[in-house]
Structures are given as C-alpha cells and as structure tokens.
Amino acid sequence: MNKEEIQILEVCKRFNLQGEYRNYEVLNSGHINTTYQVFFFRDGDIKDYIIQRVNTYVFRNPIEVMENIALVTEYIRAKIKATGVTAKRNVLHYSQTTDGEYYTFLDDGGFWRCCRYIDDSVSFTQTDDLKLIEESGKAFGKFQVHLSDFPVKDLHIVIPHFHNTIKRYEALDAAIAENAVGRVEAVQEVIDGYKALEELATKPYRLQRAGVLPLRVTHNDTKTSNVLFDAKTHEYLSVIDLDTVMPGLVAFDFGDAIRVAASTVDEDEEDLSKVAVDLEKYEAFTRGFVSQLDGMLTEDEEKTLALGAIAMTAECGVRFLTDYLNGDKYFRIHYPDQNLARAKCHLALTRDMVKKLDEMQRIVDRYCKR
Ligand code: GN1
Ligand code: MG
C-alpha cells in the first residue's frame with residue numbers, strides 16, 4: 001500500500017465509512033484540490049465516496065470553507081424537500097467524522113473532507129452536446145434561485161477579492177514588476193493583449209462598486225465540470241464544488257460558465273485558430289439559465305450578463321498569466337507551459353467575445369423578454 005492509499009484509508013476510517021474497502025481512483029479535473037473516488041463493498045453492492053484533500057495554500061481557512069458549504073447545502077436541501085421531493089441526488093451531502101466535524105486534519109497537516117458520491121451521475125469537462133449545455137445552464141440558474149433569499153452576511157469570505165477583476169489586474173502588474181522567474185520578456189504580446197481588454201473586463205466589477213449591480217450569493221466557479229448529470233437521461237442533478245460560494249455578481253456566474261460551456265475548445269488549446277465562442281452553445285446555456293430565474297434579475301443585471309462572460313474569461317486568463325509569471329504556484333499544471341497556453345487561449349476567446357458582444361447580449365434579451 002502506498003502513502004497515498006494509507007492516508008485515504010485513514011480518512012475513510014475517521015469518516016466512519018462502512019463496508020469492505022476495495023480501491024480508489026484519482027479524479028484529476030480540478031486545478032486546486034486533490035480528489036479521489038473510493039469504493040467500498042457493502043450490502044452486496046459497491047458504495048462510493050468522494051474524498052478530497054483541500055489545497056490550504058489557496059484556501060487559507062479551510063474550516064470556514066466547510067462552514068459555508070454546510071450552510072449552503074443544508075439551505076438548498078430544505079428548499080428541495082419543501083417541494084415534496086427527496087433531495088438525495090440534487091444537492092451534495094458531506095459526511096461528518098466520528099467527532100461530528102465536516103473535516104479532519106491528518107498528521108502531516110493535510111485537511112480532508114468526504115462526501116457521498118451521487119449515484120448514476122456523470123460530469124463533463126467540455127461538451128458539444130447542446131442539451132447538456134442547456135441542462136448545465138438550468139443547474140446554475142436553479143442554484144441562484146435556491147439561494148436568492150439566503151442571508152449573504154452569514155457566509156465567510158473564504159478568498160477575499162476572488163472576482164475583483166481590478167485586483168486581478170493589479171496582481172498581474174505586480175508579477176510583471178517582480179518577474180520572479182524571468183518569463184516576462186517572452187510573453188510581452190500576451191501581456192499587452194490583456195492590458196488592451198482591461199477597461200471592458202473590469203466594467204462589471206466597477207458597476208457593482210458603484211451600486212448598480214447587486215451582490216447575491218454566487219457559486220463563483222461555474223465551469224461545466226462542476227455540474228453533475230444523470231448518467232442515463234442527461235438531466236442535471238446538482239452543482240458541485242461549493243468551495244468558492246460567496247457574495248458575487250450573477251454576471252460572474254453566468255460569465256464564468258460561458259467561458260467554458262460556450263467555448264469551441266478546452267481551456268489550454270494551443271491552436272488559437274480554433275478558439276471561439278460558439279453562439280449555439282451560448283444560446284443553449286442562456287436558455288437553460290434564464291428559464292430557471294423566474295424574473296429575479298434586475299434590468300441592469302440582465303443587461304450585463306454577456307459582459308460578464310468577457311470579464312470572467314479575461315480575468316481567468318489574467319490569473320493564468322500571473323501564475324505563469326510567478327512560477328506556477330497556484331494552478332496545477334500537467335506540462336511546463338500549460339498556464340501560458342491557458343492564458344493565450346483565454347485571450348483569443350475574450351477577443352472573440354468582444355467581437356460578438358452585441359449578438360451575445362441580444363440572445364440574453366430574447367430569453368429575458370422584458
Ligand atoms: C480553479 O480547481 P477548479 O478547477 O475548481 C479556480 C477557478 C478557475 C478554474 C479555471 C479556487 O477551479 O477560479 O476559474 O480553476 N478555483 C480557485 O479552470 O481558484
Ligand atoms: Mg473550484
């Protein structure tokens with residue numbers, strides 16, 4: 001048994017997982033935490049769980065992360081139950097340790113948590129299936145609705161200024177000034193490309209600061225892989241990865257989802273001629289998202305949804321570029337220049353969105369039908 005498996009088994013024991021341990025698999029799609037699926041044999045069947053080691057470089061106060069998650073999942077569970085259906089497959093269920101905590105620290109300081117695997121569910125990093133994209137839109141729209149009356153002040157700000165696009169640009173400037181690993185010179189064109197987008201990309205944040213756009217409870221990491229679908233029907237079941245649930249703008253949840261769901265490529269595509277926002281995918285997501293909202297958005301929010309896609313795509317690209325310049329400390333990479341590839345791809349995608357902004361907003365308007 002290797003060290004990883006010994007740790008996994010210790011975590012399973014602390015969460016009192018029952019049955020005979022069979023094996024584990026590493027799930028590798030996230031850039032931050034380390035995620036495993038573990039399999040137990042019990043009552044003649046295989047039961048599986050998701051256990052994660054939370055990245056405490058990124059989440060400096062992981063206990064607060066779990067407090068937020070417990071509050072939000074309980075709130076959504078109560079909302080679903082109130083409609084008379086079981087919430088079993090429609091919201092995450094985190095396990096408690098034998099001490100009644102939602103987390104455990106191992107001896108090496110690692111912070112671990114465990115949640116039930118949702119039966120017969122699947123997720124996708126990227127898909128061309130418009131039905132799935134529409135369903136992912138519904139999932140995030142529903143999340144908004146479920147939390148529309150959640151007391152925002154009860155949430156910890158687990159990563160301050162997470163979608164503060166202005167500060168993200170400042171962090172890029174600092175990384176350029178420091179040039180810690182000597183990479184600045186070779187990427188000047190990419191830096192200039194992002195600078196040219198700064199004014200537009202920071203607009204939603206500035207509108208929030210000016211009080212035009214309201215803060216709501218948002219998910220803040222709405223990529224396609226953060227939705228679970230029923231394996232057979234492909235209807236959405238639940239959103240996952242609630243680490244960054246915090247006050248935010250609806251335009252950010254919409255926009256960050258579009259960044260992935262409506263893209264023609266993966267996040268790190270190197271052939272930039274392939275990179276574009278696909279308006280059919282965009283429309284499918286928008287249709288799903290807006291269909292759940294029951295007119296809860298203000299007119300200003302509706303009018304800035306498409307702009308949110310530009311803000312989130314540019315911001316994410318700025319973060320990849322900053323991390324590249326800092327020597328790849330934040331996002332997990334699978335090959336040496338992956339953060340640069342991600343940054344270039346996001347620059348191309350943002351530029352395409354800028355060209356199509358009016359059309360993207362018209363599509364939103366059509367579904368919002370004010
Ligand atoms: C990170 O780890 P993951 O894949 O859930 C990041 C998001 C980025 C995303 C880019 C806490 O999310 O903000 O948009 O990578 N999460 C954090 O794929 O920084
Ligand atoms: Mg995440």
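Here is a short chat about ligand 1 and the residues around ligand 1.

Me: What kind of model is this, and how are residues numbered?
Reply: It is a predicted model, where local features need pLDDT of at least 70 and side-chain atom pairs count only at pLDDT 80 or more. Residues are numbered from 1 along each chain as its sequence is written.

Me: What makes Glu 267 a polar contact of ligand 1?
Reply: A polar contact is a pair of N or O atoms within 3.5 Å. An N or O atom in the Glu 267 side chain is 2.4 Å from an oxygen atom of ligand 1, so the pair meets that limit. Arg 319 qualifies too, with a polar side-chain atom 2.7 Å from a ligand oxygen. For Ile 32, a backbone N or O atom lies 3.3 Å from an oxygen atom of ligand 1.

Me: How much of ligand 1 does the protein bury?
Reply: Alone, ligand 1 exposes 450 Å², and the protein buries 95% of that (accessible areas by the Shrake-Rupley method with a 1.4 Å probe).

Me: Which domains supply the shell around ligand 1?
Reply: Domain 1 (3-119) and domain 2 (130-368) each give at least three residues, with bounds from an automatic or database domain assignment.

Conventions:
Chains lettered and ligands numbered in written order. Heavy atoms only, no water. Near = heavy atom within 4 Å. Polar contact = N/O pair within 3.5 Å; in protein donor to acceptor, adjacent residues only side chain to side chain.
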